[in-house]
Structure formats: structure tokens, C-alpha cells
Amino acid sequence: MSGLRAWLVQRVSAVCMLLLIAFFLAHFLFDPPRSYPAWRDWMATPGIGIATSVFFAALLSHAWVGVRDVVMDYVHPLALRVCALTVLGFGLVAIAAWVARILVQVRP
Amino acid sequence: MPVGAWTSITHRVTGVFLALGIPFAVYVLDLSLQGPQGYAQAVAWFDNFALRIAAVALVWSLAYHLLAGTRHLLMDIDMGSLLPAARASAWIVNLAGLALTLLAAAALL
């Protein structure tokens, strides 16, 4: 990802997450799920599934740009830098797959 | 250290904390959706005092990162990018972050 695109991804994902965090926070403050069935049914709603997917897509791409910046600032030897970025990339992709599995398995 | 520099490095450090927290958050989400037992286990996690402390630390990281990030976004559109305003908003980020954390601590501890 080039500099300008990374910058844009970081900003767009940030605004996305700000809006979704405000929504989730308001929900958990004013109408928290009080039992397992209530929590599962809420998570199984299509709208919440989409919102959660968008949130994690934004979160993981934001983490990629942010941690990548940190690695490039402090890890200078090329081999070490490539290793760190590879671990980061695979780690984030694995988490994305994990979240996808969780969301696909939720049934009311 | 000038308050702006402190805010910049803390924004970065909280970002790394939050990134490290992602697998734990996904684990709790997974556990809470694995049936009534998993849900009870996830809820019971919050009975543990050490984990409540960790939750408060995570709230501070998140609050700080969101506030400092919003300050950045506003500066991107040229709001408050001159030094006196930037210094004032850096103070606001630090103090509001602390206030939100105290609120979370009062609720959780």
C-alpha cells in the first residue's frame, strides 16, 4: 500500500469505527443484552452482522496501517522488518477468518 | 516534553496496546457466542479483579486513542492546527481521556 492510500485507509477506517463505536456503546449503555439468548439473537440480526463485519474490516485494516508505520519507524534491518510485517499480515488475516467464522456460525 | 509530543507518542503506544488486545477481544466474542456456558464464562471473566484492571487499562487506551485520533482528523481538515489551539486540544485529549477512564473505573471496580 503506497503512502497516500495507506493514509486514506487509516482515516476512512477511523471515521467508520468512530461511528460504529458510538452505535455499539449507546446500545450497550441503554439496552444491554441480559441473557445468552438475547445476546445471540441480537448478534444474529442481519444488520448487526453487517455492522460487526464492517467494524472488524475497518479495525484490521487500521491495525495494519498503524502497526506497519510503527514497524517501519523502529525496525530497520530489512530481514527483521520483512519478518515483522509478514507475521503482522498473516496474523491479521487469521483474525479476519476467525471473526468471519464466528459471525457465520451465529444462529438465532 | 511538550504536551503535543507526549500526546503523539501516547497515541502511538495506545494504538499498539489496542492492536495487541484484538485477539483477546475476538476470543471473548467467540466464547460469549458458543452457548449459554461460554456466555456465562465470558461474563464471569469480569468478576476477576485483575481482568477488571486490564479492562480499565483497555478503556484508557481506547478513549485516549479515539480522542487523539479525532484531534488528528480535525487537524487534517485544518481545524486547530495552529500551535496555541493544538496545545489546548492536546491538553483536552489527556484530561478527557483520564476523565473517561475514571468513569469506567468507577463503573467496573
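Me: Quick start. In this model, which residues of helix 3 of chain A meet helix 4 of chain A?

Reply: This is a predicted model. On the helix 3 side of chain A, the residues are Gly49(A), Thr52(A), Ser53(A), Phe56(A), Leu60(A), Ala63(A), Trp64(A), Val67(A), Arg68(A), Val71(A) and Met72(A). They meet Arg81(A), Ala84(A), Leu85(A), Leu88(A), Leu92(A), Ile95(A), Ala96(A), Val99(A) and Leu103(A) in helix 4 of chain A.

Me: How do the residues of that contact divide into nonpolar, polar and charged?

Reply: The contact of helix 3 with helix 4 of chain A has 15 nonpolar residues, three polar and two charged.

Me: And at what angle do the axes of those two helices cross?

Reply: The axes of helix 3 and helix 4 of chain A cross at roughly 170° and come within 10 Å. Angles over 145 degrees count as roughly antiparallel, so helix 3 of chain A is roughly antiparallel to helix 4 of chain A.

Me: New topic. Which residues make up the largest nonpolar core?

Reply: Eleven residues form the largest nonpolar core. Chain A brings Phe56(A), Ala58(A), Leu59(A), Ala63(A), Trp64(A), Val67(A), Val99(A) and Ile102(A). Chain B brings Leu18(B), Ala19(B) and Leu33(B).

Me: Which helices supply at least two residues of this core?

Reply: Helix 3 (46-74) and helix 4 (78-105) of chain A do, together with helix 1 (3-32) of chain B. Helix 3 of chain A gives the most to this core, with six residues.

Me: How many residues of chain B are in contact with chain A?

Reply: 17 residues of chain B are in contact with 17 residues of chain A. Helix 1, helix 2 (36-44) and helix 3 (49-76) of chain B each give two or more residues to the chain B side. Helix 1 of chain B gives the most, with ten residues. The chain B side divides into eleven nonpolar, three polar and three charged residues.

Me: Last one. Where is Asp78(B), and is it buried or exposed?

Reply: Asp78(B) is in the loop between helix 3 and helix 4 (83-108) of chain B. Asp78(B) counts as exposed because it has 8 C-beta neighbours inside 10 Å, and the cut-off for exposed is 12 or fewer.

Me: What is phi of Asp78(B)?

Reply: Phi of Asp78(B) is near 65°, a positive value in a residue other than glycine. Most residues other than glycine have a negative phi.

Terms used: Residues numbered from 1 in each chain as written. Chains lettered and ligands numbered in written order. Predicted model: local features only at pLDDT ≥ 70, side-chain atom pairs only at ≥ 80, totals over all residues. Core = buried A, V, L, I, M, F, W, Y, C linked by C-beta atoms within 7 Å. Buried ≥ 20, exposed ≤ 12 C-beta atoms within 10 Å, placed from the backbone. Helix = DSSP H or I, 4+ residues; strand = E, 2+ residues; numbered from the N terminus. Axes fitted to C-alpha atoms, helices over the stretch in contact; angles between N-to-C directions. Parallel < 35°, antiparallel > 145°, perpendicular 65-115°, else oblique. Contact = placed C-beta atoms within 7 Å. Nonpolar A, V, L, I, M, F, W, Y, C, P; charged D, E, K, R; others polar.
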